[in-house]
Amino acid sequence: MATEATEEPHLAPPGPRPATPGAPARRLPAAAEAATALAVAVGFMLWSRNIQVNPLIRVGQVSGLAVLQFRAAVLAVPLLTAVLWAAHRARGHRWQLVLRLGCAVVAGLGTGIVAGGIAVALRGTPWGLGGQDGDPGTLLGYAASFLRGEGLPDVYPPGFIVLLAEWARYLRGGHVGYALKDLQLLLSAVLGPLCYLAWRTLLRPAWALAVALPAAVLFLDPIRPYSHLVMVVLLPLIGRLLTELAHAPRMSVRTAALRGAALGAVLGLLFLCYSGWFVWSAPGVLVAVLLLVPWRQGSAALARAAGLLGAAAATAAAVGSPLLVKLAEHGADTVDRYAYFDVYIDPAYVLGWRSDRSGWPAAWAWPPPGELAGQTTFALLVLTGTGLALALGLRRPPVIAAVGCLVGAWLLRFWFAGHMERDQAVMLYPRTTWLILYALIALTVLSAMLLAGGARGAWLRLTAERRVKLPRFLGRRLAAGSLCSLAVFGAMAASWSANRYMPQGPQTDTMGIDAYRAHLLQRADGSCPSYAPGHTCAAPHPDWRPQDSRNTRLWCGNVEAKDWPAYCGGTAPFTDRPG
């Protein structure tokens with residue numbers, strides 16, 4: 001991957017340029033890149049729906065996963081062959097186009113395979129992951145309530161609920177359970193391309209893919225993909241805002257305001273879909289903005305920066321106003337008291353997530369032991385990368401954005417956790433694990449890019465002094481080889497992710513139970529799903545609007561009554577069932 005910097009060492013695109021007649025022609029490759037990534041992701045997911053296996057037996061699941069890999073290889077091998085050929089033979093602009101499209105295809109295949117695996121897991125049932133239980137049940141209740149004209153919840157982000165309700169109204173005959181499956185598959189598929197395209201506003205194709213592919217596959221949560229879609233797009237979007245702020249003194253006031261308004265509109269839309277990442281990132285991002293404001297460049301520069309930030313803030317507030325107003329009215333009365341598995345582990349462990357189901361390994365084996373004071377080799381790798389990014393790129397807006405999100409999430413994580421016993425509130429602090437790990441991954445890739453930029457400078461100096469002569473196309477060939485490696489990693493990682501959601505019975509207590517539950521519910525005509533266990537299923541219950549919890553103390557999820565005193569103190573408000 002380091003070789004991409006041989007063509008441009010900067011992390012962000014150069015400052016704004018005046019429009020030229022050729023600008024539309026330059027936008028065409030970008031449009032083709034975006035369309036390719038999205039088409040491959042959605043197309044592969046749709047193609048996967050005709051894989052004919054029994055998803056309730058393990059042999060059927062393995063066969064389905066194997067077919068996904070075979071189909072991905074059928075698409076990827078000719079593409080990667082073309083990229084390798086172009087690295088050796090194509091001219092500059094053609095090579096760049098082939099590389100862009102190659103990276104777009106790999107980004108689309110990454111989460112396309114995961115979404116395809118979910119389609120296999122849900123084969124034969126019209127219901128989505130989770131059926132009517134857990135978080136899916138809450139979403140279905142809110143969407144059905146909205147369709148009945150009962151309004152939106154007080155502080156829950158309304159974006160996905162409205163989308164789910166309208167999708168059900170116009171495309172699923174009012175059946176929100178079926179609409180949820182559609183959106184789980186669709187949003188899971190496009191998460192990778194959207195993450196990649198967001199990073200493309202800051203980085204060149206191969207570097208954007210190096211951040212986006214592992215992040216998208218790792219953080220994808222098909223049960224509620226909208227929340228993590230917001231996270232993976234938000235970080236590079238903040239980096240774009242900081243980049244524009246750094247370039248603001250060279251813009252006109254009108255240009256600065258327009259760019260700020262455009263970024264603000266996207267931020268507002270993301271905020272309506274999930275607000276937690278904004279809260280946890282806010283302290284660090286605010287400091288980053290203050291550091292990048294051109295305080296010493298005169299009143300004209302300050303006016304342009306103020307126009308950019310003011311337009312961004314005003315537009316974001318206007319678009320996000322439905323949720324902002326609700327938070328202002330009811331935010332203080334909404335307290336999250338649900339404690340799940342990750343609430344009970346070492347709060348300083350931020351390199352893995354277990355959700356609210358312990359599954360395997362056993363709770364006593366988590367977090368996994370590391371070689372050095374409990375820290376794994378992976379932990380040392382990302383921390384080393386973070387240190388290098390701080391040393392080499394602390395003035396680069398993308399690095400500043402990642403550091404800001406990391407520091408903000410780190411501080412609020414321990415603030416909420418430190419007051420958890422006193423306030424009897426969790427406030428979703430374990431979810432900062434994802435944001436912290438995402439920032440660490442991004443900083444590690446950015447550090448590699450910065451090192452590559454330094455190596456390029458040394459290479460050019462040595463070449464100018466005739467001390468060394470390297471092959472002309474070495475950079476291209478290394479980039480092509482790196483893309484091949486990323487493609488293999490993406491396929492393997494996507495299979496790992498999809499495998500976790502293959503149906504497993506309730507006795508396993510893993511993420512596979514969500515697909516299993518979807519096979520236990522009747523269809524709208526009263527028949528059972530094709531692979532319902534024992535050919536028996538239950539009628540779905542009405543989707544009632546969820547009621548806010550009235551608990552005043554922590555609720556220890558997945559903890560037996562006998563263990564309640566050791567986990568939450570006091571006596572459990574229930575008794576263990578016999579046996």
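**View 1. His535, an exposed loop residue.** At 67% relative accessibility, His535 counts as exposed, since the cut-off for that word is over 50%. You will find His535 in the loop between α18 (513–518) and β2 (555–556). Take a look at its backbone too: phi of His535 is near 55°, a positive value in a residue other than glycine. Keep in mind that this is a predicted model.

View 2. Although Met427 is not a glycine, its phi is positive, at about 55°.

**View 3. Helix α7, a mostly covered helix.** Helix α7 runs over residues 205–219, 15 residues in total. From the first C-alpha to the last, α7 reaches 21 Å, close to the 21 Å expected at 1.5 Å a residue. Of the 15 residues in α7, 13 are buried.

**View 4. Helix α7 packed with helix α17.** The partner of α7 in this view is α17, residues 474–500. The two helices pack at an angle of about 10°, and their axes are 9 Å apart. That angle makes α7 roughly parallel to α17, because angles under 35 degrees count as roughly parallel. On the α7 side, the contact is made by residues including Leu209, Leu213 and Val217; on the α17 side, Leu486, Phe489 and Trp496 are among them. What kinds of residues make up the contact of α7 with α17? They divide into 13 nonpolar, two polar and no charged.

Notes. Residues numbered from 1 in each chain as written. Predicted model: local features only at pLDDT ≥ 70, side-chain atom pairs only at ≥ 80, totals over all residues. Heavy atoms only, no water. Helix = DSSP H or I, 4+ residues; strand = E, 2+ residues; numbered from the N terminus. Expected span 1.5 Å × (residues − 1). Buried < 20%, exposed > 50% of the residue type's maximum accessible area, 1.4 Å probe, protein only. Axes fitted to C-alpha atoms, helices over the stretch in contact; angles between N-to-C directions. Parallel < 35°, antiparallel > 145°, perpendicular 65-115°, else oblique. Contact = heavy atoms within 4.5 Å. Nonpolar A, V, L, I, M, F, W, Y, C, P; charged D, E, K, R; others polar.
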